[in-house]
Amino acid sequence: MQNYKLITPSKIRRVWFITFEYSPIAKVGGLGEAVYQFAKSLYKDGIDVTVIMPSHGRHLDLSIRSRYNLTPLNITSCGERTGLDGKKYSYCIGAEEAIIDGIKIIMFKGLDYSTGIIFDSWNIYSNIEEKSALLTRAMRILAWHENPPDLIHINDWHTVLPGIALRDEFEKRGLSIPLVYTIHLSGSPNFPWHYASEKWAGLDNDIHKIWKVIRHEPIYYENLWNQLNGNIESFGVYVSDYISTVSKSYLNEELFSKYGNWIEGKSCVIYNTTDWDVKKVEKWIQERYGIVSKEIIWDIIKDYVKNNSWSEYNINDSSKSIMLVVGRLTSQKGIDLAIRAIDYAPSVNLLILGVSVGDYGYEQYIRHLLDERKGRVIITTAKIPEDPYKALFRLSSSLVMPSRWEPFGLVAIESLSQGTPVIANYIGGLKEIIDDIRTGKGNGLFVRPEDVYELGISMESMSELMWFENFEKIPIDQIRDMASKNNLLPQEIRLNAINKVNNNFRSENQINQLKSCYEKARIMAYYRSL
């Protein structure tokens, strides 16, 4: 622990993000888009932003190098690490730089074979523990090559050790840099101290001040690590100056229950946002197909989905409505529930835009369900170009989100931004996005988790309401009564959806939340420096 007073930034003007996903470069799910929107919001507000991440091999792609004008940086971190087996393992790390929309991107890469096979793996989350450990090593060098930021913002557990190492290096330069830790999705592995230590990832074992309920207390990192059973997320919660997450529900129901209400004094909520514009999407549809009409969705499916879909599955009856399901092919997203629910929604076909993450068992289960319902579902795991992807949201009758847990639900606000209602389980962050139409000015429907029948009749109700406007066929009595008394209900739901996003989930909303959280973290870093 330092024996001198550290200097804390007086104002937040420069922010460094550490992330494993960033939308223009590499992403799997919502994390890449969320950090991208964070960075854009800050840059738009005049903040100097740098994004730091592993290259995931993207620097080897000639099209990416050309598009973003990647330039090698004169930053290297090379040496040896000591394994649990006592053997020495060499590493050598380099970096590339790009400027994308005014935001500096620093991507770390391998400079030798043993580092390259880890850092440069195209699969973002392969060798994730080792990518995190090597990125931690890289941060210790970066801190001495760049002008310091006023705040470091880390995202999910794999950036915890890199962020802490970076902050600690700045402490050696006499600076108390605030560290904000955003938990987009809770959960992390446990490791012995050796993994985090100077022998492997490179974290020192000096005494550091940690916030304990009402004051900062000094503790050796190794002692804290062992008290927390080597859980990386927990370590980040204790060591960071401030914690943020993506919804009030997730903070209250997940993080408070896991760590205790004491973290309320160092936590905040920063909603995700979207920049999707329904007018721009409709303009693309108009220019490409000549008319903005629900029937055009079949042309988009033919042009952009069918050739890359799972070939054995197709939709046979185009007289039915189309509902959209989007997400990773994992149990969390509940895509199996949506497929089973069409048994109770006879007027609905499903279009599934899936992301394969290597969960072979779950994908086989999905195939089994599809085999039982051939002709009702089309599914693809291929990447669809941005314009038709957004158009599919705009033209679908509803988005179906039967997630089993959901910290936020980025695709929900993307759907609402297009005026397309969302049918979702009443869980997590979705409770702060969706307003049930049965309560008044709504933009979707809630169902009980795991209730396939309720999900099915909700899908059928929204199909008859939003696609066919056959109000008398709506199976849910309350919705049928509402529609019979107000034939403009479908248009009102679309308007409610768009207004919900415009009023709550745009960059101007997010920047206020970011700045408020950052200022609280800055004050906490100041007290830590005393």
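1. Asn308 is partly exposed, at a relative accessible area of 46% (buried is under 20%, exposed over 50%, partly exposed in between; 1.4 Å probe, protein chains only). Asn308 sits in the loop between α11 (296–305) and β12 (321–328); helices (H or I, at least four residues) and strands (E, at least two) are DSSP runs, numbered from the N terminus. Leaving aside residues up to four places away in sequence, Asn308 touches Thr380 and Ala382, where contact means heavy atoms within 4.5 Å. Asn308 and Ala143 are 165 residues apart in sequence and 45 Å apart in space, C-alpha to C-alpha.

2. On the basis of the values: this is a predicted model, in which local features need pLDDT of at least 70 and side-chain atom pairs count only at pLDDT 80 or more, while totals for chains, interfaces and linings use all residues. Residues are numbered from 1 along each chain as its sequence is written, and side-chain values use heavy atoms, with hydrogens and water left out.

3. The axes of α10 (residues 278–289) and α14 (residues 386–395) come within 9 Å and cross at roughly 105 degrees. Axes here are lines fitted to C-alpha atoms, for helices over the stretch in contact, and angles run from 0 to 180 degrees between N-to-C directions. α10 and α14 are therefore roughly perpendicular to each other (65 to 115 degrees; under 35 is roughly parallel, over 145 roughly antiparallel, the rest oblique). On the α10 side the contact is made by Val278, Val281, Glu282, Trp284 and Ile285, and on the α14 side by Asp387, Pro388, Lys390, Ala391, Arg394 and Leu395.

4. α10 also packs with α11, at an angle of about 75 degrees and with the axes 12 Å apart. α10 and α11 are therefore roughly perpendicular to each other. From α10, Trp284, Ile285, Arg288 and Tyr289 meet Ile296, Asp299, Ile300, Asp303 and Tyr304 of α11.

5. Two non-glycine residues deserve a check of the backbone. His56 has a positive phi of about 50 degrees; His56 lies in the loop between β2 (48–54) and α2 (62–68) and is buried, with a relative accessible area of 0%. Asp156 has a positive phi of about 65 degrees; Asp156 is in the loop between β6 (151–155) and α5 (160–172) and counts as buried at 7% relative accessibility.

6. Ile523 is in helix α19 (residues 507–529) and counts as partly exposed, at 35% relative accessibility.
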